[in-house]
Amino acid sequence: YENTTETLHRRVVIHGGAELPITRELSILPAILLMNQGESFQTNFGANFRYSNHDWREVAIRAGFWTRVSKKLDASHVDALIFSTILEMERFNLGLSYDVNSSSLKDASQSRGAFEVSVIYIHPTKDRYKVNCPKF
């Protein structure tokens, strides 16, 4: 609050992906996430393979590999390598990923990564609502 000339830069996020069938049971899901705010830039990209039994109570499993690249001081470098698995059960997804740090922080983490757990519930709805986003 003391420095009234500080600028809050606009954050731009672009995310895209697809599911490309290989066989009836197997598909590949490539995706990319690009984020930019001021001088900061980060991108995550990779792909999961997805195997599904296509039963009436569909169960699927995904496994894949991702990379995070960031730009600091006009130099881009790989920050992390990410291995992920996801179990899909009807409306629930249970994920486990392991993030291996490959940036200068690897000295602090002794080249060990970190596990991340995700639980996702997909709520079915027919109603859609407009979300008003704040403007800065």
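Reply: S52 is a place to start: this residue is found in strand 4. The model is a predicted one.

Me: Why is S52 called buried?

Reply: The relative accessible area of S52 is 0%. Buried means under 20%, so S52 is buried.

Me: What makes a residue a contact of S52, and which residues are in contact with it, leaving aside neighbours within four places in sequence?

Reply: Contact means heavy atoms within 4.5 Å. With neighbours within four places in sequence left aside, S52 is in contact with E25, E58, V59 and A60.

Me: Why is H15 called exposed?

Reply: H15 has a relative accessible area of 63%. The label exposed requires over 50%, and H15 is therefore exposed. This residue lies in strand 1.

Me: Which residues does H15 touch, not counting those up to four places away in sequence?

Reply: H15 touches I32 and L33 on that count. As for F45, 30 residues apart from H15 along the chain, the C-alpha atoms of the two are separated by 9.8 Å.

Me: Why does I28 count as partly exposed?

Reply: Its relative accessibility is 24%. Buried would need under 20% and exposed over 50%, with partly exposed in between, so I28 counts as partly exposed. I28 lies in strand 3.

Me: Which residues is I28 in contact with, leaving aside its neighbours within four places in sequence?

Reply: The contacts of I28 on that basis are A18, E19, L20, I22, A47, N48 and F49. From V117, 89 residues apart along the chain, I28 is separated by 22 Å between C-alpha atoms.

Me: Now the largest pocket. What is its volume, and how many residues line it?

Reply: The volume of the largest pocket is about 620 Å³. Its lining has 26 residues, and N48, W66, I82, S84 and I86 lie nearest the centre.

Me: How do the lining residues of the largest pocket divide into nonpolar, polar and charged?

Reply: There are 12 nonpolar, 10 polar and 4 charged residues in the lining of the largest pocket. Asp, Glu, Lys and Arg count as charged.

Terms used
Residues numbered from 1 in each chain as written. Predicted model: local features only at pLDDT ≥ 70, side-chain atom pairs only at ≥ 80, totals over all residues. Heavy atoms only, no water. 1 Å grid on protein atoms, 1.4 Å probe; cavity = no way out; pocket = protein on both sides within 12 Å on 5 of 7 lines; lining within 4 Å. Points joined across faces, edges and corners; volume = space filled by probe spheres on them. Helix = DSSP H or I, 4+ residues; strand = E, 2+ residues; numbered from the N terminus. Buried < 20%, exposed > 50% of the residue type's maximum accessible area, 1.4 Å probe, protein only.
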